[in-house]
Amino acid sequence: MLRTRIKICGITRPEDARAAVESGADALGLVFYPPSPRAVDVSQAKAAVEGVPAFVSVTALFVNPTVEEVQSVLDNVRIDLIQFHGDEDDDFCRQFKRPYIKALRVRQASDVVASCLRFPGALAILLDSYKPGVPGGTGETFDWSLVPETPPKPIVLAGGLEPSNVASAIKQIRPFAVDISGGVEASKGIKDHSKITDFVNEVYRVDQLYRENHS
């Protein structure tokens, strides 16, 4: 990939959504998982993404939701993509007539390939750190060498990313996209706008170096 897409997840406020868009993010993430400190309800989500322009995708994140929970969000909030972080299977994920990605908590290299094969309907597989009992948002990196060199589906890299390490991650893995939440926060659920800018600029920088070296 000559350009790494960027998703800023855990958006809870309109001003954070604006900062992410202005910095150059390709996608924003809304967390509909009540135990998360970054969780939003329908009214908060609507307010947060009300001014998001065209060509910036809004993603809804769920963990083992009911059909009714997902449908309620889709009926009331502008959602372009669904991200499933629980034990959902491909049939469950497909039924909402929206593109979806599936998150995988990485423990071994075979997990990645196996997960891709289990979710033929997924547009990408998001790789996150494994921590028992925690469906995501651990703030910890995993062993990037476990990512296969030629995965069966596009890879979205998450887990412990921040402005200081995203360049190394991109150089090693060349993922389709990177996904960050805690690494650009002032406190849980509240984004640090300068960190968002630093993160996006670092992704741009390493991508530019890659293009120059492969031109």
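**Exercise 1. Is Asp90 buried or exposed, and which side chain meets it in a salt bridge?**

Solution.
- Step 1: Asp90 has 9% relative accessibility, so it counts as buried; the class buried means under 20% relative accessible area, exposed over 50%, and partly exposed in between, with a 1.4 Å probe and protein chains only.
- Step 2: Its partner is Arg94, at 2.4 Å from N to O. A salt bridge here is a side-chain nitrogen of Lys or Arg within 4 Å of a carboxyl oxygen of Asp or Glu.
- Step 3: Arg94 is partly exposed, at 41% relative accessible area.
- Step 4: Arg94 and Asp90 are 4 residues apart in helix 4, so about one helical turn separates them. Helices (H or I, at least four residues) and strands (E, at least two) are DSSP runs, numbered from the N terminus.

A word on the model before going on: it is predicted, so local features need pLDDT of at least 70 and side-chain atom pairs count only at pLDDT 80 or more, while totals for chains, interfaces and linings use all residues. Residues are numbered from 1 along each chain as its sequence is written, and side-chain values use heavy atoms, with hydrogens and water left out.

**Exercise 2. Which parts of the chain does the salt bridge of Arg38 with Glu185 tie together?**

Solution.
- Step 1: The closest N and O atoms of Arg38 and Glu185 are 2.6 Å apart.
- Step 2: Arg38 sits in the loop between strand 2 and helix 2, and Glu185 in strand 9, so the pair links parts that are 147 residues apart in sequence.
- Step 3: Arg38 and Glu185 are both buried.
- Step 4: Arg38 is also among the residues that Ser181 touches, along with Cys9, Gly10 and Lys191, leaving out residues up to four places away in sequence. Contact means heavy atoms within 4.5 Å.

**Exercise 3. Where is Ser181 found, and is it buried or exposed?**

Solution.
- Step 1: Look in the loop between strand 8 and strand 9 (185–187).
- Step 2: With 17% relative accessibility, Ser181 counts as buried.
- Step 3: Its side chain makes a polar contact with the side chain of Lys191, at 3.3 Å. Such a contact is a pair of N or O atoms within 3.5 Å; within protein, one must be able to donate a hydrogen and the other to accept it, and residues adjacent in sequence count only if both atoms are side-chain atoms.

**Exercise 4. Which strands are joined to strand 6 by bridges?**

Solution.
- Step 1: Strand 5 (residues 100–106) runs parallel to strand 6, with 6 bridges between them. Two strands pair if DSSP finds at least two bridges between them.
- Step 2: Within this pairing, Ile101 has Ala124 as its bridge partner in strand 6.
- Step 3: Strand 7 (residues 155–157) is joined to strand 6 by 3 bridges, again in parallel, and Leu126 stands opposite Val156 of strand 7.
- Step 4: As for cover, 6 of the 6 residues in strand 6 (residues 124–129) are buried.

**Exercise 5. Which residues of helix 2 are buried, and what do they pack against?**

Solution.
- Step 1: In helix 2 (residues 42–49), the buried residues are Ala45, Ala48 and Val49.
- Step 2: They lie on the same side of helix 2, because they cover an arc of only 80° around the axis. The arc is that of the directions from the helix axis to the C-beta atoms.
- Step 3: These buried residues pack against helix 1 (14–23), strand 2 (27–31) and strand 3 (57–62).
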